[in-house]
Amino acid sequence: MEDQIVRITSRLVAPFIQVYGIYVILHGHLSPGGGFSGGAIFGASLVLVALSFNLEVGAKQISHDTASVLESGGALGFVITGLVGVAVGANFLANRSAGFPLGEVGELFSAGAIFIITAFLGVKVASTIVTLFYNIIEGEEKSGNAH
Amino acid sequence: MELTNHFPALIMAVLLGISFLSPILYRWARKASAPALIASLSLALVMAIYLLFQVLQVGEFTYYMGGWPPPYGIEFRLDLIRVYMLLVVLAVSLWIMVYALKDLEHELKTEVMGWYYTLYALVVGSMAGIALTNDLFNLFVLMEICAISACAIISVKEDRACLEASFKYLILSAMGTGCFLLGVAMIYMVTGQMNYDLVNAALPEAVELYPNNMFAASALFIVAFGTKAALFPLHVWLPDAHASAPSPSSAMLSGLVIKIYAFALFIMFYQLFPRPLLESIPLNEILLWLASMGIMFGSIFAMVQVDLKKMLAYSSIGQIGYVFLGIGLDDTIAITGGFYHLLVHAIMKSMLFMCAGVIIYSTGIRQIKQLGGIGQVLPITMFAFTIGSASMIGIPGTGGLISKWYLALGALEIGRPIFVVIILASSLLNAVYYMPIIVNAFMQQEQFEYQVKPVPRQMLIPLFVGVAALVFLGVFSRPFIVLLENAVQLLF
Amino acid sequence: MEMLIKIAHNYYYMVAILLFIIGMHTMLTHSNLIKKVIAMNIMDTSVFLLFVAIGYTSGGAAPILTAPANEVLYVNPLPGSLMLTGIVVAVSITAYALSLVVKIYRYYGTVDYDEICLIRSQE
């Protein structure tokens with residue numbers, strides 16, 4: 001799409017969408033939202049940039065390789081956070097008994113393992129949405145133009 | 001850091017970890033991805049064997065995720081029947097993977113092989129979780145992971161038949177999942193719990209107040225698990241899906257995935273519902289008659305097939321009917337026979353699909369009538385096919401006889417000899433469509449007229465292991481039977 | 001008569017079951033593949049609606065805990081958070097099914113299931 005208005009608007013709005021997505025991810029333990037919805041918002045902003053400009057500009061924001069690594073890395077981070085509990089002696093995915101700093105109710109950096117897991121999940125969901133988008137578009141390009 | 005206490009969670013962590021790690025390994029360290037997968041599957045199998053010895057010594061025990069006891073946390077429960085299912089899943093999937101490493105190179109494009117390892121590890125990990133979990137919502141999530149990965153290992157080979165078969169499987173599986181979630185909602189509405197033991201304790205007084213919820217929930221569970229495990233009228237997705245998939249996927253799907261849902265049905269009705277309430281649901285009659293029709297119709301449809309893998313797929317419908325027949329007969333000996341059939345059929349059907357895969361790899365033919373005289377050029381493969389067919393029919397000396405024997409004994413003990421007639425008739429029907437292939441393969445006069453590619457040794461070694469396992473299970477079956485009888489006694 | 005009173009009190013559950021039946025019927029009988037995927041979504045959404053409606057307690061406040069906890073009655077937060085996971089599962093099935101439909105369209109040239117069966121039976 002090569003419309004001038006769409007390009008200017010998306011270039012102005014995309015940072016705000018990303019800040020909102022990061023806000024929803026970080027406040028997952030304090031208000032509704034969390035990793036899934038915040039990651040979807042963040043991923044949607046990257047797809048918006050790739051759609052309103054062309055694919056090269058989208059690839060400069062986050063390339064296909066980086067998205068694959070972030071996707072696997074986010075999920076592996078979840079498993080490793082669970083294994084921290086096993087390494088200390090409590091059960092898998094333990095929170096207080098594994099020594100994660102809990103903080104007070106209502107603070108930003110509180111609730112130990114939940115905060116870390118939410119951050120990893122947000123990264124993973126955002127990169128998954130970008131990877132899905134790239135796979136469908138590249139699949140279309142490989143087999144001739146879109147119908 | 002007493003690591004052996006955490007083996008239940010570590011099995012799933014290892015399998016999920018290797019599935020997340022495979023895309024990175026495949027992209028940057030391609031030679032290490034296959035050995036890493038085999039190493040993880042072996043590690044999970046070793047942990048499961050240790051768990052078996054622990055359960056035999058200590059009795060049943062539970063594992064709380066995160067240290068939170070139920071109802072706050074998710075619980076994994078290990079008793080004898082669940083550890084048996086876990087061992088079956090892990091051992092057979094490791095065996096299939098050794099075969100798959102060579103066979104996939106000619107069936108899939110190279111850039112998707114890394115994703116195949118991911119999906120395979122996800123299927124095995126979710127099945128291990130379904131065998132161990134004690135929580136209804138955890139069962140839902142693991143069932144969904146298994147369903148999507150099972151559909152994906154069919155459609156990863158992208159040709160016309162695979163995609164349509166995979167879509168049909170996905171839609172029918174999603175219908176089953178919707179029914180299952182509605183059943184969980186029905187139970188959660190009246191009891192307020194998600195853990196199996198807590199629901200078991202809370203269900204009798206809930207049924208006093210709201211008597212119809214339990215019937216709705218059990219009907220929805222039968223439909224949900226019946227769709228996913230190919231019980232008779234809900235089996236329509238199975239022939240296309242198992243016939244058009246790559247051969248290791250067919251072996252995994254026919255051998256393990258449909259069985260784990262039959263196992264989940266058994267656990268749901270025997271551990272979740274308390275025994276007096278279970279008597280008031282006509283579960284056994286439903287399962288008996290649907291299973292019998294599945295056994296007969298599976299064999300009848302298999303007789304008229306012309307494609308080798310489709311015939312094996314229809315045969316799977318008949319064989320899963322035996323497991324449901326065992327559950328429906330509701331007698332210790334019959335359930336032992338049904339669960340023994342689970343293990344034996346996993347090995348024999350996977351071996352038959354692997355033989356079909358070797359035939360397709362080396363000659364490229366799929367039609368049965370073109371298989372005449374193939375015994376002279378592929379002797380090892382056809383010998384394995386013969387032993388597998390003999391076990392399907394129930395010839396003494398192979399494992400198939402033991403399970404049918406125990407099923408017939410159980411049917412006689414509760415006084416319903418018609419099911420013995422059904423078991424014998426289906427054995428005869430199995431012979432009708434397996435014997436011609438073997439006779440034509442070995443005793444045809446003309447030469448085999450198609451070109452033969454040499455088969456690598458890595459694809460033949462699993463066939464030897466399968467033949468040895470079937471003969472071992474047929475002759476030295478006593479330890480397994482004793483184990484299963486002890487396991488089933490605990491639930492009665 | 002008392003059946004009608006019961007239905008009028010529990011109209012959330014009735015709507016959820018109605019949506020479930022509509023979704024399941026469309027998924028099994030209509031032949032367009034994309035309609036099947038959307039109907040699967042409707043069926044899953046109806047079960048999420050049923051679950052969240054179960055958790056509601058009348059007169060309860062929203063289940064967000066601020067530092068001085070001063071409410072007496074909260075809405076049950078457990079069904080809501082369970083259904084968040086369920087929604088993610090439904091979204092991933094929808095994404096996978098739609099990508100399968102894209103590939104099927106590329107191979108068969110149509111998204112109508114009856115025509116696809118006709119093409120398959122002629123091969």
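Predicted model: local features only at pLDDT ≥ 70, side-chain atom pairs only at ≥ 80, totals over all residues.
Reader: OK. Which residues do ring pairs link into a cluster?
Author: B:Phe232, B:Phe297, B:Phe301 and B:Tyr314. Ring pairs join these residues into a cluster.

Reader: And how many aromatic pairs over all chains?
Author: The rule gives 25 aromatic pairs over all chains.

Reader: Take B:Phe263 and B:Phe339. Why is that pair called what it is?
Author: The ring centres are 6.0 Å apart and the planes stand at 80°, so B:Phe263 and B:Phe339 form an edge-to-face pair. Planes over 60 degrees apart fall in that class.

Reader: Where in chain B do the two residues sit?
Author: B:Phe263 is in helix H10 (residues 247–272) of chain B, and B:Phe339 is in helix H14 (residues 332–362) of chain B. They are 76 residues apart, so the pair links distant parts of the chain.

Reader: Is B:Phe263 buried or exposed?
Author: Buried, because its relative accessibility is 1%. B:Phe339 also counts as buried, at 1% relative accessibility. The cut-off for buried is under 20%.

Reader: Now B:Phe472 and B:Phe476. What class is that pair?
Author: Tilted, because the planes are at 45°. The ring centres of B:Phe472 and B:Phe476 are 5.4 Å apart. B:Phe472 counts as partly exposed, at 41% relative accessibility.

Reader: Switching to interfaces. How much area do chain B and chain C bury between them?
Author: About 3,200 Å². Carbon and sulfur atoms carry 79% of it.

Reader: Which residues of chain B lose the most area to chain C?
Author: B:Arg160, B:Phe167 and B:Tyr188. Together they make up 22% of what that side buries.

Reader: How many residues does the contact take from each of those chains?
Author: 32 residues from chain B and 40 residues from chain C.

Reader: How many salt bridges between chain B and chain C?
Author: Two salt bridges. C:Lys103 and B:Glu158 meet through their side chains in a salt bridge, 3.6 Å from N to O.

Reader: And how many residue pairs in polar contact?
Author: Nine between chain B and chain C, with both residues at pLDDT 80 or more.

Reader: Which helices of chain B each supply at least two residues of that side?
Author: Helix H5 (136–155) and helix H6 (160–191) of chain B. H6(B) gives the most to the side that touches chain C, with 20 residues.

Reader: What is that side made of, by class?
Author: The side of chain B that touches chain C has 22 nonpolar, three polar and seven charged residues.

Reader: Now chain A against chain C. How much do they bury?
Author: About 820 Å² between them, with 71% on carbon and sulfur atoms. The contact takes ten residues from chain A and nine residues from chain C.

Reader: Last one. Where does B:Ser403 lie?
Author: In helix H16 (residues 399–413) of chain B. B:Ser403 counts as buried, at 1% relative accessibility. Leaving aside neighbours within four places in sequence, B:Ser403 is in contact with B:Gly337, B:Tyr340 and B:His341.

Definitions and conventions. Residues numbered from 1 in each chain as written. Chains lettered and ligands numbered in written order. Heavy atoms only, no water. Contact = heavy atoms within 4.5 Å. Buried area = accessible area lost by both parts, 1.4 Å probe. Salt bridge = Lys/Arg side-chain N within 4 Å of Asp/Glu carboxyl O. Polar contact = N/O pair within 3.5 Å; in protein donor to acceptor, adjacent residues only side chain to side chain. Helix = DSSP H or I, 4+ residues; strand = E, 2+ residues; numbered from the N terminus. Nonpolar A, V, L, I, M, F, W, Y, C, P; charged D, E, K, R; others polar. Phe/Tyr/Trp six-rings, centres within 6.5 Å; stacked < 30°, edge-to-face > 60°. Buried < 20%, exposed > 50% of the residue type's maximum accessible area, 1.4 Å probe, protein only.
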